[in-house]
Amino acid sequence: MRRGHPRSVILGTGSELPSKVMTNAALERLVDTTDEWITTRTGIKERRILEEGKSNADMAYRASVRALKDAGLEAKDVEAIIMGTVSPDYPFPSSACVLENMLGVRKAFSFDVNAACSGFLNALAVADSFIRTGMVRNALVIGSDALSRLLNWKDRSTCILFGDGAGAVVLGVSHDGAPGILSARLRTDGSYVKTLYVPAGGSLKPASLESVRKNEHTITMNGKEVFKVAVRSMEEISREALDEAGVEIDEVSLVIPHQANLRIITALAERLKVPCPK
Ligand SMILES: CC(C)(COP(=O)(O)OP(=O)(O)OC[C@H]1O[C@@H](n2cnc3c(N)ncnc32)[C@H](O)[C@@H]1OP(=O)(O)O)[C@@H](O)C(=O)NCCC(=O)NCCS
């Protein structure tokens with residue numbers, strides 16, 4: 001367990017889901033799939049889709065306003081904004097920067113963390129480090145993605161999985177001895193770059209008529225591989241985080257995994273030997 005540094009605690013939380021719901025039945029009309037296939041393979045019944053004309057930062061804004069209210073913190077007092085996202089409004093500036101302006105924050109620094117599924121956890125760990133080193137006294141941390149904008153709606157292996165939404169927390173210094181964040185473990189394996197990625201739209205393959213025609217600006221995935229790696233690495237990293245915190249799995253009251261799909265979560269629960277849901 002960490003000693004000798006100020007602790008960071010979650011002071012408030014907020015979330016936002018677009019109102020538009022896309023059910024499995026609606027997907028049956030778009031691609032060759034069935035509600036039964038999607039439900040048994042993923043546990044997903046419906047997903048939320050961001051309205052046309054709205055941006056990722058719009059969702060992040062609503063989640064952030066709620067988190068700030070919950071924390072009792074005014075936007076003007078925010079010192080850092082860190083947003084985990086892979087679907088920013090623009091290649092640059094960051095969506096955190098767009099959000100900073102929407103919130104009317106003027107004295108903070110802001111940036112995005114591009115780490116896909118683990119974007120929020122990476123952003124949270126960065127904010128936690130900033131607080132523990134005394135660089136800032138608080139941070140607004142957001143995980144927000146508009147993945148519907150990166151989907152090929154003709155690819156049944158991906159369009160059934162992803163949706164849109166935002167979650168935000170306000171992190172601050174623990175003043176009353178609250179234990180706060182006990183440990184944070186992060187890991188990346190670069191050998192899986194092309195297991196789940198968007199092939200074009202970056203500097204390697206900028207947008208062209210050909211890239212658009214080939215749908216290369218959309219999510220490309222080897223689902224089986226992602227499944228295996230996700231379950232294995234989530235178990236490993238969970239055990240490391242528990243070890244670092246000096247906490248036994250039996251002492252944990254609630255496990256909140258990344259909710260990509262129910263089969264991954266169930267497999268993780270089996271490996272960690274915790275009931276699902278816990
Ligand atoms: C995507 C996933 C549900 C696919 O399940 P799977 O059991 O691996 O299925 P496969 O890809 O082997 O496909 C099996 C068959 O179903 C078909 N299929 C794929 N998507 C389908 C769909 N939406 N509806 C119906 N059939 C589908 C495939 O074409 C294949 O048919 P074939 O046997 O005739 O070739 C699964 O691999 C998974 O959950 N992976 C993790 C992905 C993930 O969570 N990504 C997000 C991380 S944030």
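Tutor: This is a predicted model, and we can go through the ligand site, then the core, then some backbone details.

Student: Okay, which residues are closest to the ligand?

Tutor: The ligand is surrounded by 21 residues, and the closest of them are Thr33, Arg41, Cys117, Lys224 and Asn261.

Student: What polar side-chain atoms lie by an oxygen atom of the ligand, and how far off are they?

Tutor: For arginine 41, a polar side-chain atom is 2.6 Å from an oxygen atom of the ligand, and for asparagine 261 a polar side-chain atom is 2.8 Å from an oxygen atom of the ligand. Threonine 33 instead places a polar side-chain atom 2.6 Å from a nitrogen atom of the ligand.

Student: And how much of the ligand does the protein bury?

Tutor: The protein buries 71% of the 960 Å² that the ligand exposes when taken alone.

Student: Which helix gives the most to that shell?

Tutor: Helix 7 does, with four residues, while helix 2 (35-42), helix 7 (223-245) and helix 8 (262-272) each contribute at least two.

Student: Where does the ligand lie relative to the domains?

Tutor: It lies between domain 1 (8-173) and domain 2 (190-272), because both of them give residues to the shell around the ligand.

Student: Switching topic, what about the largest nonpolar core?

Tutor: That core has 21 residues, and Ile81, Leu99, Leu103, Val105, Leu140 and Ile142 have the most contacts inside it. At least two residues of this core come from each of helix 3 (56-71), strand 4 (80-84), helix 4 (95-103), strand 6 (138-146) and strand 7 (164-173), and helix 3 supplies the largest share, five residues.

Student: Now the backbone: where are the cis peptide bonds?

Tutor: One joins phenylalanine 92 and proline 93, with omega about 0°, and proline 93 sits in the loop between strand 4 and helix 4. Another runs from cysteine 276 to proline 277, with omega near 10°, and proline 277 belongs to the segment after helix 8.

Student: Which residues have a positive phi without being a glycine?

Tutor: Alanine 116 has a phi of about 50° and is in the loop between strand 5 (109-113) and helix 5 (119-132), whereas asparagine 215 has a phi of about 60° and is in the loop between helix 6 (209-213) and strand 9 (220-221).

Key: Residues numbered from 1 in each chain as written. Predicted model: local features only at pLDDT ≥ 70, side-chain atom pairs only at ≥ 80, totals over all residues. Heavy atoms only, no water. Near = heavy atom within 4 Å. Polar contact = N/O pair within 3.5 Å; in protein donor to acceptor, adjacent residues only side chain to side chain. Areas by Shrake-Rupley, 256 points an atom, 1.4 Å probe, with all protein chains shown as cover. Domains from an automatic or database assignment. Core = buried A, V, L, I, M, F, W, Y, C linked by side-chain atoms within 4.5 Å. Buried < 20%, exposed > 50% of the residue type's maximum accessible area, 1.4 Å probe, protein only.
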